[in-house]
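Student: Let's go through this model by question and answer. Please show the sequence and the structure.

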Amino acid sequence: MTIEEIQNEIIDEFSMFDDWEERYQYMIDLGKTLPLIDEAHKTDDNIIKGCQSKVWVHANMNDDKVEFTADSDAIITKGIIAILIRAFSNQHPKDIIEANTDFIDKIGLKEHLSPTRANGLVSMIKQLKMYAIAYQTQLN
Amino acid sequence: MELKTMLDVQKIRKDFPILNRKVNGKPLIYLDNAATSQTPKQVIDVIVDYYSNYNANIHRGVHALSQEATDAYEQARIKIQKHFNAKHSYEIIYTSGTTHGINLVASGFSSLLKKDDEIIVSALEHHSNIVPWQMLCERTGATLKVIPMNTNGELILSEYDTLLNTNTKLVFVNHISNALGTINPIETIIEKAHAVGAAVLVDGAQSCPHLKPDMQALDVDFYVCSAHKICGPTGVGMLYGKEEWLKKLPPYQGGGEMISEVSFEKTSYADLPHKFEAGTPNVCGGIAFGAALDYMNAIGFEAIAAYENELLEYATAQMLQIEDLKIYGPEASGAKNKTSVISFNVGNIHPYDIGTILDKMGIAVRTGHHCAQPIMDFYKIPGTVRASFMFYNTKEEIDTFIAGLKKAVLMLS
């Protein structure tokens, strides 16, 4: 599936929920199932310090596609990471570079991507794109 | 538990327009008072009146507006002087807030310190209380020493005794810890510092909303606070300094107001307090600061402290019923050593998660390290959730907060 198709799928899933509680509970559950980053990659080099919560991201290239693994010490942050990784992982670097995160607004989680939120997510998205740019350069 | 309140809280709440608003569709429950307090309409009215009727630059004007603004600004200084029982009104320096006041003193001491001099700070400090002193030590070659704390979040005074010596020039401590609510024994700290000839600067940011510190009785050398913690506006605060000390310190910033005569050869500085008040000040802020003190004094600090202590005990008793909930700092009972701040965690749940869920329910708390990273390192935690109460909070709000907290824990476990 393309990034856009996955994002639309996520929007559909979230549209089933009636209120914030169901949305957050789902996100928390997603956070719990997040494929954890390999402990070996949970290093200071891979850490994004967000003041409130910490985020770790690792990337590697497999068959011209970028695979991301990530983790956070806060479960809600982790839930949003799970959603972002689902959309962006196993995609071609070029598609990752061009993708946007508007779908996060559409599922009612916009406030978590505010640059002033200090949870590390905005920096994390930048980091995902940076990895994609780096791998794209390798492919060229 | 029944609150034996002396305050008409429902009447008081009507003074605060913001308490009527909704957040995420729920009535706002504001428990982030240690970060900033809310503003009563009596203070808002003063701000509106200032900009509607007599906004002007002060001190140099010959016209009516300037005179009215100057009078109101200087009258507010006298209100602040009386409130804190300073000996002279010129010992009250208007600042932009606590951090500004601390930096003003730190900057002034850079000309008074030499190598091998020592500065003592407490382990309970806010970042803003540590960084200026580290910078000062770098500039002067002085050494920074730290009074350690115990696991109850209290300073270990026997260690303080061993740090003090004739090289100690300045001691720096907050009156109340912002992260834990600990009330520090500043009377003892001041007395012991004076015995070795050291000056003492007290950060009163967290104490001024709850107590009425008496500068002369404390015999403190410098005391700083911010208006926005005491129902006033942001961007204004005060530095109290004993006259002898303020005369010793050089001016902090150059500019208008702080000079008496200027030529290209030499500038002579203005008398206190203007020596430290360069440029056009926050005139409206100063006047509103005075109005905020009037408002709080009309309610009465004894009644405020008694009521807030009841809220603290009421909330603590209920919170301790929650499984795996740990409160950091002194236990709540007894207003002697703690103010109305509860810093806590539940099990391994991240404070950010609890804060986020509470916000969805309209409940405002603070999460994180509270700009007091050394304290969090001491407890080996990423941060805490902090609920802090003011006299306009109610028992019903605490009940809703507790129910919300239980729900958040359930969702996050």
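Student: How many bridges join β7(B) to strand β8 of chain B, and are the two parallel or antiparallel?

Tutor: This is a predicted model, where local features need pLDDT of at least 70, side-chain atom pairs count only at pLDDT 80 or more, and totals for chains, interfaces and linings use all residues. Residues are numbered from 1 along each chain as its sequence is written, while chains are lettered from A and ligands numbered from 1 in the order in which they are written. Strands (E, at least two residues) and helices (H or I, at least four) are DSSP runs numbered from the N terminus, and two strands pair if DSSP finds at least two bridges between them. β7(B) and β8 (residues 199-203) run parallel, and the number of bridges is 5.

Student: Which residue of β8(B) is the bridge partner of V173(B)?

Tutor: β7(B), helix α7 (residues 186-195) of chain B and β8(B) make a right-handed β-α-β unit. Right-handed means that, with the strands pointing away from the viewer, the path from the first strand over the helix to the second runs clockwise. In β8(B), V173(B) has as its bridge partner V202(B).

Student: Which residue in β7(B) is the bridge partner of E118(B)?

Tutor: Strand β5 (residues 118-122) of chain B runs parallel to β7(B), with 4 bridges between them. E118(B) is bridged in β7(B) to T168(B).

Student: Why is strand β7 of chain B largely enclosed by the rest of the structure?

Tutor: A residue is buried if 20 or more other C-beta atoms, placed from the backbone, lie within 10 Å of its own, exposed if 12 or fewer, and partly exposed in between. Strand β7 (residues 168-174) of chain B is largely enclosed because its buried residues number 7 of the 7.

Student: Which residues have the most contacts inside the largest nonpolar core?

Tutor: A nonpolar core is a set of buried Ala, Val, Leu, Ile, Met, Phe, Trp, Tyr and Cys residues joined through C-beta atoms within 7 Å. The largest has 151 residues. It draws at least three residues from each of domain 1 and domain 2 of chain B. The residues with the most contacts inside this core are V200(B), I287(B) and A292(B).

Student: How far apart are the C-alpha centres of domain 1 and domain 2 of chain B?

Tutor: Chain B is divided into domain 1 (9-30 + 300-412) and domain 2 (44-297), with bounds from an automatic or database domain assignment. Contact means C-beta atoms, placed from the backbone, within 7 Å; 22 residues of domain 1 of chain B touch 24 residues of domain 2 of chain B. The C-alpha centres of these domains are separated by 28 Å.

Student: Is M296(B) buried or exposed?

Tutor: M296(B) sits in helix α10 (residues 283-299) of chain B. Beyond four places in sequence, M296(B) touches I230(B), C231(B), F301(B) and I304(B). There are 22 C-beta neighbours inside 10 Å, so M296(B) counts as buried.

Student: Where is L31(B) found?

Tutor: L31(B) has 26 C-beta neighbours inside 10 Å, so it counts as buried. Its contacts beyond four places in sequence include I363(B), F389(B) and F401(B). L31(B) lies in the loop between β3 (29-30) and α2 (41-54) of chain B.

Student: Which element gives the largest share of the side of chain A that touches chain B?

Tutor: The contact takes 13 residues from chain A and 11 residues from chain B. On the chain A side, α2 (20-33) and α3 (75-88) of chain A give two or more residues each. The largest share, 4 residues, comes from α2(A).

Terms used. Two residues are in contact if their C-beta atoms, placed from the backbone, lie within 7 Å.
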